Amino acid sequence: MDSGVDDETLLFAVAERDMGAFRVLYDRHAGWLAIRLARRCNDPDLVADAIQDTFVAVWQRPQGFRGDGDIAAWLWGIAIRRLVSRLRTRSSIAVFEHAGTAPAAEDQVLLSVEYGDIGQALARLSPEMRAVIQAVVLDGLSAREAARLLNVPVSSVKTRLYRAKARLRAVLAEEPS
Amino acid sequence: MTGWHLDDDIVRRYAEGTDSLTEGASIEQHLLSCGPCRARVNAAASVTELSVIDLAAVWDRTRDTIEVPRPSGFERLLRAAGLPAHEARLVAVASAFRSAWLTGVAAILAFATLAAAVGHAHGLWLFLAVAPIMPCLVVASSYDPWLDPALAPELVTPYPALRLVLLRTIAVLALALPVVLVLGLAIPGQTAFAWLLPAVGFVAVVLAASTWFSPLRSAIAVSSAWLAVVWLLAARSGSPDTMLQTRAQVGFLVLAVASFVIFLVRRQRLRQLRPWR
C-alpha cells in the first residue's frame with residue numbers, strides 16, 4: 001500500500017492531475033480518517049459520504065494545503081468539516097457515541113505521558129461536557145460546527161465548554177502534580 | 001515523537017471505539033504526526049471486523065465524481081435559482097448556451113446598438129430590425145434537435161418536452177433581455193424599448209409554430225417576415241416612430257398572447273418532435 005513516496009510529493013502530483021498518486025493518497029489516508037470520523041458519527045453512510053467529499057475536495061483544490069504542518073492534519077481538518085456539513089444537509093441525527101468508561105490502569109500510565117493529570121480530570125467530566133471538549137478543543141471545531149456535530153444548540157456548546165473548562169481548572173488546582 | 005507508539009491492542013481498541021476518551025485523544029494527537037502509526041490504524045480499516053465503511057466503494061464513487069466535468073457557470077446559476085441538478089443540466093446543455101453562440105449574438109446586438117446610437121434613422125431601423133428577432137432565434141436554437149443533438153435521446157425519455165422547451169425559453173429570455181435592455185439604454189429616445197413586445201411576441205409565435213414545423217424553420221420564417229416588414233416601413237414612412245404607436249404595440253401584445261395560447265393548446269404535438277429536419 002505504501003510506496004515510500006511522502007505525502008507532499010503525492011499532493012504535488014495530484015495537483016498535476018496524477019490519478020495514480022491520488023489513489024495512493026486515498027489508500028494511505030481514507031482508512032484512518034474513516035475510523036476517526038466513525039468515532040464521532042454512528043451512521044456509516046454519512047462517514048462514507050464525508051470521506052468521498054473530502055477526497056473530491058482534495059482533488060479539486062490540492063493547493064489548499066499551504067505547506068505548513070502535516071498533510072494528515074490538513075486532511076483531518078477537511079474531513080471533520082465535511083462530516084459537519086453533511087450533517088447540515090441531512091435530517092438524520094448522528095449521535096456522538098463514545099464508551100465513556102474510565103481509563104484502565106495501564107492507560108493511565110500512557111495518559112500521564114501524553115497529558116499528565118488532564119487525562120484523569122477529563123475522565124471525571126460528564127459525557128456531554130467531554131463531548132464538547134473533544135469537539136472544540138481536540139478536533140478544533142468552532143462552536144457552531146460542534147453544535148452541528150453534537151446536534152445541540154450553539155448556546156449549549158458554549159455553556160458546556162465554559163463549565164467544562166471551569167471544572168478542569170478546579171480539578172487540576174485541587175490535585176497539584 | 002516521544003518514542004511512544006501504538007501497539008496492536010491500542011489500535012484494535014481505537015478502531016472498535018472501546019477505548020476511553022482520554023486514550024482516544026492521545027492516540028489521535030499522536031496519529032497526526034506519526035506516519036507509521038497512522039499506517040497501522042489505516043491498515044486496521046481494511047480488516048473486515050474493524051472496517052467502518054467500504055473503502056473500495058467510496059473510492060469508486062470519488063473517482064466517478066471527479067471524472068464528471070464540473071458544471072458550467074450557467075448550469076450552476078440555474079441550480080442556484082432552484083432548479084434540480086438534472087433539469088439544470090438538461091437546460092444548460094443546449095448549444096444556444098455555449099459561450100461562442102452567446103458572444104456572437106451579443107456582438108450582433110452591440111453592432112446594431114452602435115449603429116443606432118451613431119447613425120440615427122438608418123441605424124435605428126437596423127436596431128429595430130435585428131433586436132426583436134434575436135431572442136426568438138436563440139430560443140429556437142435552444143431546442144431545435146438539428147442544432148442540439150443532445151436533445152434527441154432526452155426526448156425519447158419520458159421527460160415532458162413542454163417543460164423542457166419552456167424552461168429553455170425562460171432561460172434564454174432571462175439571459176438575453178437584460179443584455180439587450182442595457183444595450184438599448186445607449187440609444188436616444190424611447191425607441192430602445194419599442195422592440196421588447198415584438199421580441200416576446202416572436203418568441204411566442206416560434207413556440208406556437210414549432211408545434212407544426214421545426215423550431216429553427218419557424219424562427220427563420222418569422223425573422224424573414226419581420227425583416228421584410230421593417231424594410232417596407234422604412235422605405236415608405238422613413239420614421240421609426242411608427243413602432244412606438246400604441247396600436248402597433250398592442251398588436252404585438254395580442255400576437256404574443258394568442259400565439260402562446262395556441263402553443264399551449266397544441267403542446268401535445270411537441271412530443272412528436274421525431275420527424276423534424
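**View 1. B:V58 and its contacts with both chains.** In this predicted model, B:V58 touches A:A30, A:A48, A:I51 and A:Q52 as well as B:I53, leaving out residues up to four places away in sequence. B:V58 sits in helix α4 of chain B. Is B:V58 buried or exposed? With 21 other C-beta atoms within 10 Å, B:V58 is buried, because the cut-off for a buried residue is 20 or more.

**View 2. The contact between chain A and chain B.**

**View 3. A:V47 and the largest nonpolar core.** The largest nonpolar core holds 67 residues, and A:A34, A:V47, A:I51 and A:V132 are the ones that touch the most other members. Helix α2 (residues 19–38) of chain A gives the most to this core, with twelve residues. Look next at A:V47, whose contacts beyond four places in sequence are A:A34, A:L37, A:A38 and A:C41, together with B:V52 and B:I53 from chain B. A second, separate core has 47 residues, including B:L128, B:V130, B:L137 and B:A219. As background, nonpolar side chains in soluble globular proteins tend to be buried together.

View 4. Helix α1 (residues 7–15) of chain A has A:L10, A:L11 and A:V14 as its buried residues. Viewed down the axis of α1(A), these buried residues fall within an arc of 100 degrees, so they line one face of the helix. If you are counting along, an α-helix has 3.6 residues a turn, so residues three or four places apart point the same way. On the other side of α1(A) you will find A:E8 and A:T9, which are exposed. Just after α1(A) comes A:R17, with a positive phi of about 65 degrees.

**View 5. Chain B on its own.** Chain B has 14 helices and zero strands. Of its 277 residues, 38% count as buried. Among the contacts in chain B with a separation of 6 or more, 72% come from residues 24 or more positions apart.

Note on methods:
Residues are numbered from 1 along each chain as its sequence is written. Chains are lettered from A and ligands numbered from 1 in the order in which they are written. This is a predicted model: local features need pLDDT of at least 70, side-chain atom pairs count only at pLDDT 80 or more; totals for chains, interfaces and linings use all residues. Helices (H or I, at least four residues) and strands (E, at least two) are DSSP runs, numbered from the N terminus. A residue is buried if 20 or more other C-beta atoms lie within 10 Å of its own, exposed if 12 or fewer, and partly exposed in between; C-beta atoms are placed from the backbone. Two residues are in contact if their C-beta atoms, placed from the backbone, lie within 7 Å. The arc is that of the directions from the helix axis to the C-beta atoms. A nonpolar core is a set of buried Ala, Val, Leu, Ile, Met, Phe, Trp, Tyr and Cys residues joined through C-beta atoms within 7 Å.
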